[in-house]
Each structure stands twice: as structure tokens, then as C-alpha cells.
Amino acid sequence: MRGNLARRIAKRKGFLKKSWKKRKFTVTGKLLELTRVEDERWMREALRLAERASVRGEVPVGAVVVRGGRALGRGANRRESQADPTHHAEIEAIRKAAARAGTWRLDGATLYVTLEPCAMCAGACVNARIARIVYGCSDPKAGYVESLGAIATDFRLNHRCALTRGVLADESADLLRRFFRERRGKAARKMKPKPAPRRKTTKG
């Protein structure tokens, strides 16, 4: 019922056209372009949050929960400052969004995050009934949306999320690379042995 209503509204606004030969609706380029622009807009907001996390010494990941064109919750990594292994950007954004909405059910909301969510965050999206996950770069070591697993789209669960990957992926990956490069440089400088002090020689 909800899908049919969305189609009628979209058709009225000129986003959908009906193919009489195949008797089904097809999405026009105008709607796809609007979606792409909207995705990039909110992903840039998530990138700004990630940059702030980097300044604090946190792994630069940012997230925004959006519904109806409005941000419900924003979040960034705070594992170091909070000494909390669960304080990922996605969790913070979802908590704030649920508090603002006054309910744990975030039906119709989209989560924008700069890095592919881990198993914990993908599970949180399912539990919060997030409609769609949009992420920047993939995480081959911990990503559990597509890379290592597919919690958010597992047909055995009672809710599944639509996925869009690769939005501003290069910017997201560059931010992470810079952060870890700088951190490795700092660690190397700390480990570098200090030169031994010169002994003073006395003339006999």
C-alpha cells in the first residue's frame, strides 16, 4: 500500500512514467539525479563530523540520520574520549535520532555514514528500522553490510535496509588514510631513540 502511494505521488510530480507495453512504472533520470544530489549533500555533512573527530584524535567516521529532508541525529566516533567500544558514529547518530523522534522506531529514515558500518552498527540499523543505509568507502576488515557479511539485507531478519554504497567514497577514504598516516608518523617519532648525551672530556 505504501509503495503504491509513493508511486502515485511520484507520478503526479513527473518523477515516474508508465510503460504501457510492460505495464509497470520505471524511474526517470530526474528522480535519480535528485537522489544523488541529496545523498552527496548529507554525506558531506557526515564528512564534516568525521573531520572534527579526527581533530580530537578519534578515527574519522561521521554519521547523520535523516528523515523527511531533516537531520534527526548526528554522530562521530568517540571511542577514545568516552572509553566506550560501542561509541561509534552510527550508534551516536541513531541514539540522538531516536531521542528526538521520541521512539526507537526510525521508519523511513536514512543513515548516512562515511565508512561501511560494522556488525554492531549494521545490527543497530536493523533494530532501529532504518529504511536505507548510504555509506562512503568500504571497510574490508570490519564492514558487515557488504564486505564481510550482510546483516542489513539478511532475508531471515524481520527488517532489511536498502543500501547505497560509494557516495563520496574517495573523500571518505582519503580522510582515513591521512589520519592513519599521521598517527603512524607520530608513533615512529616516539619510538625513535634519542641520541646519547656527549661526555665532557677534561684536560689532564
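Residues are numbered from 1 along each chain as its sequence is written. Because the model is predicted, local features need pLDDT of at least 70 and side-chain atom pairs count only at pLDDT 80 or more, while totals for chains, interfaces and linings use all residues, and side-chain values use heavy atoms, with hydrogens and water left out.

The description begins with the sheet. Helices (H or I, at least four residues) and strands (E, at least two) are DSSP runs, numbered from the N terminus. Five strands form an open sheet in the order β4-β3-β5-β6-β7, and the pairing is mixed. Two strands are taken to pair if DSSP finds at least two bridges between them. From one strand to the next, the twist averages 15 degrees.

The individual pairings can be followed across the sheet. Strands β3 and β4 are antiparallel and share six bridges, and V65 has G73 in β4 as its bridge partner. Strand β3 (residues 62-67) is also joined to β5 by four bridges, again in the antiparallel sense. Here V66 has T110 in β5 as its bridge partner. The pairing of β5 with β6, by contrast, is parallel and extends over five bridges, with L115 opposite C137 in β6. In a regular strand the side chains alternate between the two faces of the sheet.

Strand β5 was then considered in terms of burial, where buried means under 20% relative accessible area, exposed over 50%, and partly exposed in between (1.4 Å probe, protein chains only). Six of the six residues of β5 are buried, so this strand is largely enclosed by the rest of the structure.

Together with α5 and β6, strand β5 makes a right-handed β-α-β unit. A crossover is right-handed if, with the strands pointing away from the viewer, the path from the first strand over the helix to the second runs clockwise. In helix α5 (residues 119-127), the buried residues are C121, A122, G123, A124, C125 and V126. Their cover includes α4 (89-101), β5 (110-115) and β6, contact being defined as heavy atoms within 4.5 Å. Just after α5, R129 adopts a positive phi of about 60 degrees. Helix α4 lies across β3, β4 and β5, and runs at about 145 degrees to β4. For such values, axes are lines fitted to C-alpha atoms, for helices over the stretch in contact, and angles run from 0 to 180 degrees between N-to-C directions.

Charged side chains were examined next. A salt bridge is a side-chain nitrogen of Lys or Arg within 4 Å of a carboxyl oxygen of Asp or Glu, and by this rule the count is 10. One of them joins R36 to E40, with an N to O distance of 3.0 Å. These two residues lie four residues apart in helix α2 (residues 29-55), which means that about one helical turn separates R36 and E40. An α-helix has 3.6 residues a turn, so residues three or four places apart point the same way. R36 is partly exposed, with a relative accessible area of 39%, and E40 is likewise partly exposed, at 25%.

A further salt bridge is formed by D39 and R132, at 2.6 Å from N to O. This pair links distant parts of the chain, as D39 belongs to helix α2 and R132 to strand β6 (residues 132-137), 93 residues apart. D39 is buried, with a relative accessible area of 4%, and R132 is also buried, at 18%. R105 and D107 form another salt bridge, in which the closest N and O atoms are 3.3 Å apart. R105 is partly exposed, with a relative accessible area of 35%, as is D107, at 34%.

Finally, aromatic rings were compared. Rings of Phe, Tyr and Trp (its six-membered ring) pair if their centres lie within 6.5 Å; planes under 30 degrees apart count as stacked, over 60 as edge-to-face and the rest as tilted. A search of the whole structure finds one such pair. The pair is F179 and F180, in an edge-to-face arrangement with 5.2 Å from centre to centre and 80 degrees between the planes. F179 is buried, at 7% relative accessibility, whereas F180 is partly exposed, with a relative accessible area of 30%.
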